[in-house]
Amino acid sequence: MGGRFGDGLPQVSDEDNKKLEAPLTLAELGSAVGSLKPGRVPGIDGLSADFYKAFWDVLGPDLLEVFTYSLESSRLPLSCRRAVLTLLPKKGDLQLLKNWRPVSLLCMDYKILSKVLASRLRGVMASVIHVDQTYCVPSRLIGDNITLIRDVLEVSGSLGINLGLISIDQEKAFDRVEHQYLWQTMTAFGFSPGFIAHIRTLYCDVMSVLKVNGGLSAPFSVGRGIRQGCSLSGMLYSLSIEPLLHRLRADLQGVLLPGARPFKVSAYADDLIVFVNSQRDVEVLADTVQVFGQVSSSRGEQGCGGGLSLLWGEGDSVHCFWECGRLRHMLELLRGLFTSLGAEFNAQVFVGGVRYSNRSRRRGRLLSFLVGQAKMAVYVSRRRMVQDQSEISPRALLVRMVQARLRLEFGLYRINGDQEGFEER
């Protein structure tokens with residue numbers, strides 16, 4: 001990996017490495033079998049989780065012997081190396097391949113082995129992955145990201161601190177991870193050669209067959225990407241993107257609030273929010289992401305796609321989502337609310353915040369509150385789309401969020417019945 005991305009990463013301790021590369025035990029395999037969920041689609045061999053649970057007393061010792069030999073020889077049985085690749089529809093035009101999500105249907109014996117290794121890896125994730133990343137790290141939730149962004153927006157707005165949010169979403173993030181880059185990243189984290197060899201074994205000579213119209217294609221080799229459906233996949237991805245986040249934390253100035261550390265990044269898997277308040281940070285971010293793409297083969301999503309992406313020009317700040325149809329109704333609502341208070345709403349206000357004097361403090365705080373809630377509405381709406389939850393428009397979210405808190409914090413105002421502006425109580 002590029003030198004500057006691998007420098008200074010947290011290191012796995014010797015004690016943890018001993019646990020990670022220790023020989024497999026029958027108890028670990030039994031625990032993994034017990035955690036298999038019934039009724040899941042089996043892999044290409046047709047053996048279900050219920051089969052392994054019913055006959056575990058007979059199969060367990062033999063499976064332990066097979067796995068032990070496979071890890072020592074760095075080659076899994078054929079059933080573990082082949083996966084059925086099926087495509088699940090996402091949102092958007094299904095004529096476009098990018099709007100389909102590939103999922104690997106893996107055999108249960110592979111899942112058992114990957115669950116054991118994932119259980120071991122899970123124990124060290126919090127020590128090497130920064131608290132800014134919440135994906136697949138024990139005791140961290142996506143709600144932590146939302147709460148952080150909401151609080152930073154509200155505090156910065158109340159203090160009149162300029163703040164911009166830049167959202168970066170990787171295109172086909174899991175599928176673009178180069179295996180060689182992943183091994184080098186794990187080495188940079190200080191994982192032992194023995195444990196890295198175990199992970200490499202899971203990706204050695206792997207093949208997939210594509211399920212098309214009820215039939216299976218001929219097997220083809222898979223040279224990159226993390227298998228979605230594998231218990232290790234989320235943690236491996238968090239490890240693979242951490243060098244980028246580590247570099248950004250070191251190089252960005254971020255947003256500094258009184259009595260707090262600088263806020264620079266907030267990440268959930270490949271969905272990255274960067275806090276900026278200067279042109280320098282935007283330029284550093286663009287350069288770092290570009291170089292990281294060359295090192296890791298990652299690539300950002302093209303177009304705004306509803307994300308909170310910002311483009312900064314020489315003198316002005318411009319939202320690339322300003323013309324985004326999905327956000328048009330929310331922006332119209334904001335413009336109407338601002339107009340009813342005698343203020344102008346534009347992209348510059350959204351990025352730079354609302355400036356006000358002591359004489360207009362009450363109105364200024366309300367306008368800052370609106371801007372912060374609008375940014376949060378875009379972020380939450382987009383997260384729901386990424387997680388395939390029920391879709392709700394940013395405008396509807398903004399109305400809910402504002403109405404829920406307006407009476408508590410700005411009791412002199414209310415939104416009129418047509419939701420086109422404010423009126424005093």
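In strand E8, Asp271 is the bridge partner of Asp169. That pairing belongs to an open sheet of three strands, ordered E3-E8-E7 with antiparallel pairing. Before going on, note that this is a predicted model, where local features need pLDDT of at least 70, side-chain atom pairs count only at pLDDT 80 or more, and totals for chains, interfaces and linings use all residues. Residues are numbered from 1 along each chain as its sequence is written, and side-chain values use heavy atoms, with hydrogens and water left out.

**The three-stranded sheet**

- A quick word on terms: helices (H or I, at least four residues) and strands (E, at least two) are DSSP runs numbered from the N terminus, and two strands pair if DSSP finds at least two bridges between them.
- Strands of a sheet pair through backbone hydrogen bonds, either parallel or antiparallel.
- In the sheet E3-E8-E7, the edges are strand E3 (164-169) and strand E7 (265-268), each pairing on one side only.
- From one strand to the next, the twist averages 15°; axes here are lines fitted to C-alpha atoms, for helices over the stretch in contact, with angles running from 0 to 180 degrees between N-to-C directions.

- Buried means under 20% relative accessible area, exposed means over 50%, and partly exposed is in between (1.4 Å probe, protein chains only).
- E3 is mostly covered, with six of its six residues buried.
- In a regular strand the side chains alternate between the two faces of the sheet.
- For E3, Gly164, Ile166 and Ile168 are buried on one side, and Leu165, Ser167 and Asp169 are buried on the other.
- E7 is covered on both faces too: Val265 and Ala267 are buried on one side, Ser266 and Tyr268 on the other.

**Cavities**

- A cavity is a set of points, on a 1 Å grid over the protein atoms alone, where a 1.4 Å probe fits but cannot get out; a pocket is an open set with protein on both sides within 12 Å along at least five of seven lines; and lining residues have an atom within 4 Å of a point.
- Grid points are joined across faces, edges and corners, and a volume is the space filled by probe spheres set on the points.
- The model has three cavities of 30 Å³ or more, and the second largest cavity holds about 80 Å³ of space.
- Residues lining the second largest cavity include Gln170, Arg176, Tyr181, Tyr237 and Phe292.
- Helix H11 (233-251) and helix H12 (279-296) each give at least two residues to that lining, and H11 has the largest share with three.
- By class, the lining of the second largest cavity divides into six nonpolar, four polar and two charged residues; Ala, Val, Leu, Ile, Met, Phe, Trp, Tyr, Cys and Pro count as nonpolar, Asp, Glu, Lys and Arg as charged, and the others, Gly among them, as polar.

**The second largest pocket**

- This pocket has a volume of about 530 Å³.
- Its lining has 21 residues, with Leu85, Pro102, Asp175, Val222 and Arg224 nearest the centre.
- Strands E1 (82-89), E2 (100-105), E4 (207-212) and E6 (220-221) each supply at least two lining residues, and the largest share, four residues, comes from E2.
- The pocket lining has 10 nonpolar, five polar and six charged residues.

**Cysteines**

- There are zero disulfides, a disulfide being a pair of cysteine sulfur atoms within 2.5 Å.
- The closest cysteine sulfur to that of Cys107 is in Cys80, but at 6.9 Å it is too far for a bond.
- Cys107 is buried at 1% relative accessibility, and Cys230 is buried at 5% relative accessible area.

**Two helix residues**

- Arg328 lies in helix H13 (residues 328-340) and is partly exposed, with a relative accessible area of 43%.
- The C-alpha atoms of Arg328 and Arg395 are 8.7 Å apart, although 67 residues separate them along the chain.
- Gln184, found in helix H9 (residues 179-188), is partly exposed at 33% relative accessibility.
- Gln184 and Ile196 are 12 residues apart in sequence and 9.5 Å apart from C-alpha to C-alpha.
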